[in-house]
Structures are given as structure tokens and as C-alpha cells.
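Hi,

Here is the structure I promised to pass on. Have a look at it first, and then read my notes below.

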Amino acid sequence: MLEIQGLSILDMVSKYGAPLYIYDSSKMESNYKQFVNAFDVPSLKVHYACKALSNISILKLFKSFGAGLDCVSSQEIRLGLLAGFDPKDILFTPNNISEAEYDFAVKLGVNITIDNFEMLEYFGSTYPGIPVCIRINPHMMAGGNRKISVGHIGSKFGISIHQLPLIERIVNSFKMNVKGIHVHTGSDILDSEIFIRAAQLILSVVDKFETVDFIDFGSGFKVAYKENDLSTDINEFGKEFSEMFNKYCVARDKQYDLHFEPGKYMVSDAGYFLVKSNVVKQTTATTFVGVDSGMNHLIRPMFYDAYHEIKNISNPDGKKKIYSVVGYICESDTFGVDRQLTEVRKDDILCFSNAGAYCYSMSSNYNSRYRPAEVLIHDGKDYLIREREKFEDLTRNQPSIEI
Ligand SMILES: *Cc1c(COP(=O)(O)O)cnc(C)c1O
């Protein structure tokens, strides 16, 4: 993997410097198309969950594919509007936010999802006519295995499916316009059958509200981070899910819109993170590669124990050796332990795979470091879509006081 759309990654690093995020628009487009084509339903709407990667140029790209946008903060909504999305194509699916933030979203005209009773009552009394979507937690455990459970009892998200009578009471007494039912549990969709069973539970909620015209099944699509990783077979899932969904619509004699909100699936494998080796350090037990980055730029390995494949693209044909790849932050920030890399020398460029989702968007200024630049490769050309930060970015919000 040394080129993206015919452009050399090493040339990009020479041009823009390291550390650097690079994104491949063609990969995003093929992910989007593959996703959409997997389903066979009359009306499908895919809202890209932009918290995965929220650069405005990336949002524009998804708009050009025909996607809508799923936002979890009013700031993400504003980025979406800047990127040109119509408010009606934006879903607002936040968790535990204030009334003021909901008020702001209502003014912007986006689609509102509610995930607790307090807000349901607030909306009922303040905005009775405004269409809303209600987020349900199905609390379904399958086989007692946390890995395949869809929505667990301790989750903070959504309104429990067991509280359906209370939802109905509030909705009916305020005469609320419930346009959608939503479920996103964040669980991995590996076994279509289990997810479909949870979906059927959700459909029993839909039956309670005549006004509903869309059903949003969130996301949970899993991608492979390394060889032999389990990932969602989107074609199989799409086929089985569509059959179930179409049957449901036929039985109700009503054509519901089917919504999904994938983030990771759309962008994960379209991103690369490039870092430079500053130091190769042999200790008694380990050979470390110390790179010019750390948990401030890519926190998933430290935060989630996530695995990101790492390659030495400066020496692709070198001898394989075992390294631990670590960052420059002054606490343990290990990217990978005991990795087989082709021999790493000082100043070599290492490339992290699957750096599109939840990498830049989770980056920080920890240790008062600058966040990296972002480059998009689109139609065979490279575009700087975010500048590397500078010292002024660290100081701009700090009024100087006399002490
Ligand atoms: C995070 C999130 C998603 C996207 O999840 P992925 O695993 O990235 O696909 C979708 N919907 C909601 C409400 C979310 O919070």
C-alpha cells in the first residue's frame, strides 16, 4: 500500500510533513455504494455518522454520494450545514444534552431524536407539533454473550423497551408527532440473525404509533482491522434484513423508510496515518520505535485496545524484525507490541491502516502538541483539507492575565 489513486504516500509526506492523515475518496465511495447496494428495499436512506470523521470536505464528499448526515452535537449539525446538507437530511441523535441544545437544533430545522423521558415531556409540552424520533433500547441479550448482545440493560442510551406504556402515555397526551423509531446499540453486527431478532422487537414498538414513517436501525457494522478479523458481511446482512423488513411492510400495508447510520464502515479503511520514526531504541527486553506522534493523535490502541496494522513504507523490502511502536507522549502510549515490521531506521515513515474512523476526530492537544494535517486524495489529486495546527492554536483562547 504505497500509493493512493496513483499518488505516492511518501511523496505526500514529503509535501505535507508528518504526522499526517491521508484519506482516499474512492474507498469511501465504494464503501458507500457497497452498503447501499446490499439492501433491496423501496426506500433506504443512509446517514453518515460524522463523529467518525467530521472534516467538512469529507462531509461534502458524502453529500455528493447522496448520503444524509447523522449528528450527535449541535456543532456537528453546523458543520453539516456548512458542507451544504439540507436540514431535512440531517438527523440529530444526541445523548444527555440540554434543552438549550435541543432548542438550537429545532431552530436549525433538523430531524430530532429523543432518548429520555425528560426530553420527551419537554418536547411534548414545548413543541407538540414538531416531528420527533424516539430512541429505544431493546435490551436484548443473545446467548448471554456480551459480544453478541444487542443493547444491554446497563446502557445509558435510549428509552427502555420495557417502558413502552409510559412512552405511549406521554405521546398520546401531548398528541406528539412520532415520525421515527430509532435503535442504535453500538453492538457488532456479526450475526445477521441476532440483529434481525432485535430489529423485530423494535418493530413491535413501531406498531404502537400510527404516525411513524421511518425506522432507523443505527449502526454496529464491523470492519476488519487485521487479517482474519470478523467483520459484517454486508451483502448477506442486507439481503436478510431487507427480506424481513419488506415482509413487515407488506403485513402492515405501509411502506416505511429504512434508515441506517454507519460511521466506521464508511471511512475506517479509507484513512491512513503516517508518522516518522524518531528513535529506534534497543532496551534489554524490547526494540522500541519511538515515533513523532502518540495518543494525542490516535488514541484507539490505548483507549480501546484497538489493533491498527502498521507498516514501514520507507523500507518495504527490508528484513522483518520485531518492534514495539510507541509514541512521544509522557506516559505509556503504545501503538503496537511485538509487531513484525520491515527493518525500521531513524526517519523512516510508518503507515497505520484503518485510520479513517475515530482517529483524527478523537485527537487532542495533550502535551501541548499540534494536531496533524489532513489530506484528501480525490479524483487522483491531493487536497490539504486541514492545516497542521500552530502555536497560536494552543494560545488563542487563553486571555493573558497579570499574575
Ligand atoms: C456513533 C454512532 C453511529 C455510528 O457508529 P459506527 O460504529 O461508527 O458505525 C451511529 N449512530 C449513532 C447514534 C451513533 O452515536
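Predicted model: local features only at pLDDT ≥ 70, side-chain atom pairs only at ≥ 80, totals over all residues.

Is Asn228 buried or exposed? The relative accessible area of Asn228 is 76%, so it counts as exposed, given that the cut-off for exposed is over 50%.

Asn354 also has a positive phi, about 55 degrees, although it is not a glycine. You'll find Asn354 in the loop between strand 18 (349-352) and strand 19 (373-378). Here the relative accessibility is 7%, so Asn354 counts as buried.

Another backbone feature to look at is the peptide bond between Ala18 and Pro19. That bond is cis, with omega at about -10 degrees. Pro19 belongs to the loop between helix 1 and strand 3 (20-24).

Now the ligand. How many residues surround the ligand? There are 13 of them, and the closest are Lys51, Ser219, Glu261, Lys264 and Tyr358. By class, that shell has 4 nonpolar, 4 polar and 5 charged residues.

- Lys51: an N or O atom of its side chain is 2.8 Å from an oxygen atom of the ligand.
- Ser219: here an oxygen atom of the ligand is 2.4 Å from a side-chain N or O atom.
- Glu261: this time a nitrogen atom of the ligand is involved, 2.4 Å from an N or O atom of the side chain.

As for how covered the ligand is, taken alone it exposes 390 Å², and the protein buries 90% of that.

Next, Tyr16, which is part of helix 1 (residues 9-16). At 17% relative accessibility Tyr16 counts as buried, because the cut-off is under 20%. Which residues does Tyr16 touch, not counting those up to four places away in sequence? They are Val375, Asp382, Tyr383, Leu384 and Arg388. With Asp382 there is also a polar contact: the two side chains are joined at 2.5 Å. If you want a sense of scale, the C-alpha atoms of Tyr16 and Lys222 are 31 Å apart in space, and the two residues are 206 apart in sequence.

Asn31 is in helix 2 (residues 25-38), and with a relative accessibility of 6% it counts as buried. Its side chain reaches the backbone oxygen of Tyr265 at 3.3 Å. Leaving aside neighbours within four places in sequence, Asn31 is in contact with Tyr265, Met266, Val267 and Asp269.

Last, the aromatics. A search of the whole structure finds 34 aromatic pairs. One of them is Phe92 with Tyr102: the ring centres are 5.9 Å apart and the planes are at 70 degrees, so this pair is edge-to-face. Phe92 lies in strand 6 (residues 90-92) and Tyr102 in helix 5 (residues 99-108), so the pair ties together parts that are 10 residues apart in sequence. Phe92 is buried at 0% relative accessibility, and Tyr102 is buried too, with a relative accessible area of 2%.

A second pair to look at is Phe195 with Phe237. Their centres are 5.3 Å apart and their planes are at 70 degrees, so the pair is edge-to-face. What does this pair tie together? Phe195 lies in helix 8 (residues 192-206) and Phe237 in helix 9 (residues 234-252), so the pair links parts that are 42 residues apart in sequence. Phe195 counts as buried at 7% relative accessibility, and Phe237 counts as buried at 0%.

Both of those rings, Phe195 and Phe237, belong to a cluster linked by ring pairs. Along with them, the cluster takes in Phe35, Phe39, Phe217, Phe221, Phe241, Phe245, Phe260 and Tyr265. Tyr265 is the residue whose backbone oxygen is reached by the side chain of Asn31.

Cheers

Notes
Residues numbered from 1 in each chain as written. Heavy atoms only, no water. Near = heavy atom within 4 Å. Polar contact = N/O pair within 3.5 Å; in protein donor to acceptor, adjacent residues only side chain to side chain. Areas by Shrake-Rupley, 256 points an atom, 1.4 Å probe, with all protein chains shown as cover. Nonpolar A, V, L, I, M, F, W, Y, C, P; charged D, E, K, R; others polar. Helix = DSSP H or I, 4+ residues; strand = E, 2+ residues; numbered from the N terminus. Buried < 20%, exposed > 50% of the residue type's maximum accessible area, 1.4 Å probe, protein only. Contact = heavy atoms within 4.5 Å. Phe/Tyr/Trp six-rings, centres within 6.5 Å; stacked < 30°, edge-to-face > 60°.
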